[in-house]
Amino acid sequence: MPSVAIALLGTGVVGGAFLKLLNTPAAAALRLVGAANSRRQQTDPAKLAERNLRERLKDSGAPRDDAALLAALDASGAAAKVIVDATASAALAVRHAEWLARGYHVVTANKALAGGELSGWRALQAAQAQGARYGDSATVGAGLPVLSTLRRLRHCGDALLTLEGVFSGSLSYLFNSYDGSRPFSALLREARELGYTEPDPRADLSGDDVARKLLIIARNAGFSLGCDEVQVEGLVPEPLRALDTETFLARLEELDEPLAARHAEAKSRGHVLRFLARLNQRGHARVGLAEVPANHPAARLYGTDNQFALTTTRYHTQPLVIQGPGAGPEVTAQALLGDVLALG
């Protein structure tokens with residue numbers, strides 16, 4: 001009998017990277033008993049063991065049926081039965097609390113529940129109180145030890161006072177690179193081709209993803225914030241918000257003039273632009289573009305680095321800074337694997 005049985009939901013970029021990790025010695029005690037994309041799934045042990053499982057699922061396998069995936073978990077006899085949600089599906093996220101209440105552990109990179117409506121967060125906390133565990137390291141910072149550090153500090157009686165940082169790998173890359181020598185639209189197209197942004201870059205430029213991460217951190221720190229309590233200043237002008245993706249991509253140059261003006265203003269003061277998330281001691285939360293001086297920690301980031309600066313009652317004179325790559329399927333998948341292994 002395996003000690004840990006896994007049903008994987010989502011075989012996209014992150015899910016595919018997770019499947020590769022399951023074939024490494026670190027995952028020897030784990031057994032995959034089901035895998036599914038949005039349309040098809042596989043529970044046959046022989047087919048699950050095939051190295052090209054992700055590709056095969058694109059055109060073969062049974063129709064998607066979550067009940068059959070859960071039945072495969074139940075039949076495994078494993079001491080720990082784990083649902084790994086490697087999707088961004090809000091419809092799946094709302095089921096996390098239900099699965100936990102039924103005794104399944106949930107490990108996820110999906111931010112839609114914990115970073116969504118406050119009622120969903122509260123349902124998640126109530127479900128965890130029944131004993132199943134929720135692995136959420138991959139929801140913030142692609143597995144950087146942000147949530148685990150915050151929880152450890154709180155367990156020791158410390159308290160978060162303020163939080164500031166760059167929580168988006170794509171926006172970090174864009175503003176670390178943007179120095180006025182090239183139009184922002186050119187950098188954005190380049191970042192999209194490199195896979196640093198979503199296929200529709202408005203998912204990144206809107207600031208909504210950063211706001212979800214800020215909510216997850218704030219709620220873990222004890223701030224009961226609702227979605228409407230985060231002020232979000234996105235980068236997409238109103239005329240571009242409702243367009244289809246192709247039309248938006250054809251009109252990217254409309255982003256250039258306002259951002260060039262903001263860059264010039266910042267440069268005249270010796271500052272740079274960074275897309276920051278901020279939370280103060282009173283629970284006021286804001287996400288948006290900000291000027292920072294050249295000696296600010298966020299001004300010295302590189303590539304897709306994320307940065308989280310936590311000021312607490314004990315880290316008060318100097319904030320505790322957690323920094324590192326905040327995007328990429330491999331590090332995100334590793335965060336998922338780490339949370340699964342912690343259940344064994």
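Let's start with the lining of the largest pocket: by class, 17 residues are nonpolar, 18 polar and seven charged. Here Ala, Val, Leu, Ile, Met, Phe, Trp, Tyr, Cys and Pro count as nonpolar, Asp, Glu, Lys and Arg as charged, and the others, Gly among them, as polar.

A word on the source. This is a predicted model, where local features need pLDDT of at least 70 and side-chain atom pairs count only at pLDDT 80 or more, while totals for chains, interfaces and linings use all residues. Residues are numbered from 1 along each chain as its sequence is written, and side-chain values use heavy atoms, with hydrogens and water left out.

Back to the largest pocket. Its volume is about 1200 Å³. Of its 42 lining residues, Val14, Ala88, Lys111, Glu198 and Asp209 are the closest to the centre. On a 1 Å grid over the protein atoms alone, a pocket is an open set of points where a 1.4 Å probe fits, with protein on both sides within 12 Å along at least five of seven lines; lining residues have an atom within 4 Å of a point. Points are joined across faces, edges and corners, and the volume is the space filled by probe spheres set on them.

Which element gives the largest share of this lining? That is α12, with five residues. Helices (H or I, at least four residues) and strands (E, at least two) are DSSP runs, numbered from the N terminus.

Now the second largest pocket. Its volume is about 440 Å³. It has 22 lining residues, with Gly16, Leu19, Lys20, Asn23 and Arg51 nearest its centre. Elements giving two or more residues are α1, β2 (30–36), α3 (53–56) and α15. The largest share, five residues, is from α1.
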